[in-house]
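The exercises below are meant to be worked with the sequence and the 3D view open side by side. Each begins with a task and continues with a solution in steps.

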Amino acid sequence: MPSPKTLPSKSRNVVAPASSPSRLPPTPVLLQQPSHKKGQWKSTKLFRRVKSVFRSFPVINPPCKMPVSNRLHEGHIHGGKQMTGTLFGFRKARVNLAIQENPRGVPLLVLELSIQTGKLLQDMGSGLVRIALECEKNHSEKLKLIDEPIWTMYCNGRKVGYAVKRGPTEEDLKVMQNLHAVSMGAGVLPTESSEGELTYMRAFFERTIGSKDSETYYMMNPNGTSGPELSIFFVRI
């Protein structure tokens, strides 16, 4: 299992050991299963099918229906559960979002977002970024909110496309395994891909459940310090 010091020097707030490999090692995945999802992941054929067609959807620009809360300007939102969130992807490819119960766990949720990794990280460096993910209620299916397969995505109130949920792939799990000792930080991981280095940013998120149809994940900065701000809203309408 690679030690935390295998991460590049750019990483911050990382606890880690010694020498640095040139590529992601083919180590077995030893992540912990989520507390409420022991055993094997269910089939993701539906999600793959949705993913294969969502790029061809027509682009329309209705206003975002997610109400904007002034509480975000008042500082940290209290009362939620702390989760680990990781944004990762190749700079010119779509960014992925993984939510874990802790840095050593198998992701509870993996979403492919319709925005390039480099663009999202650039926007976060410029100020507050709000991502709203909306989907319609389907009364014939009783899905948990985070189990919905496809979302309309808005970034700072502007529609940017669609987000798709998928089961974690082998590559996703390798990334989580290589970051298992990182609580928060940002940097790059070398890969064997022709697309080059894989960029990541990891932080603690506070998960606040409003109802069975709404959840918010708010990125927490360490010790109240200033830094990139990101809030992600999930809402079913």
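Of the 237 residues in the protein chain, 48% are buried, where buried means under 20% relative accessible area, exposed over 50% and partly exposed in between, with a 1.4 Å probe and protein chains only. The model is a predicted one, in which local features need pLDDT of at least 70 and side-chain atom pairs count only at pLDDT 80 or more, while totals for chains, interfaces and linings use all residues. Residues are numbered from 1 along each chain as its sequence is written, and side-chain values use heavy atoms, with hydrogens and water left out.

**Exercise 1. Determine which residues of helix H3 are buried, and what covers them.**

Step 1: The buried residues of H3 are Asp172, Leu173, Lys174, Val175, Met176, Gln177 and Asn178. Since seven of the nine residues of this helix (residues 170-178) are buried, H3 is largely enclosed by the rest of the structure.

Step 2: The cover over the buried residues of H3 includes strands S1 (81-90), S2 (94-100), S3 (109-116), S7 (185-189) and S8 (198-211).

Step 3: Glu170 and Lys174 form a salt bridge with an N to O distance of 3.8 Å, a salt bridge being a side-chain nitrogen of Lys or Arg within 4 Å of a carboxyl oxygen of Asp or Glu. Both residues lie in helix H3, four residues apart, about one turn of the helix; Glu170 is exposed at 55% relative accessibility, whereas Lys174 is buried at 19%.

**Exercise 2. Trace the strand partners of S6.**

Step 1: Strand S6 (residues 158-165) is mostly covered, with six of its eight residues buried.

Step 2: Two strands pair if DSSP finds at least two bridges between them. S3 and S6 pair antiparallel over two bridges, and Glu112 stands opposite Val164 in S6.

Step 3: S5 and S6 also run antiparallel, joined by six bridges, and Cys155 has Arg158 in S6 as its bridge partner. The two strands form a hairpin with two residues between them, and Asn156 in the turn has a positive phi of about 50°.

**Exercise 3. Find the aromatic pairs and describe how their rings meet.**

Step 1: Rings of Phe, Tyr and Trp (its six-membered ring) pair if their centres lie within 6.5 Å, and planes under 30 degrees apart count as stacked, over 60 as edge-to-face and the rest as tilted. By this rule there are two aromatic pairs.

Step 2: The ring centres of Trp151 and Phe234 are 5.2 Å apart with planes at 80°, so this pair is edge-to-face. It links distant parts of the chain, because Trp151 belongs to strand S5 (residues 150-155) and Phe234 to strand S10 (residues 229-236), 83 residues apart.

Step 3: Tyr217 and Phe234 are likewise edge-to-face, at 5.6 Å centre to centre and 70° between the planes. Tyr217 lies in strand S9 (residues 214-220), 17 residues from Phe234, and both Tyr217 and Phe234 are buried.

Key. Contact means heavy atoms within 4.5 Å.
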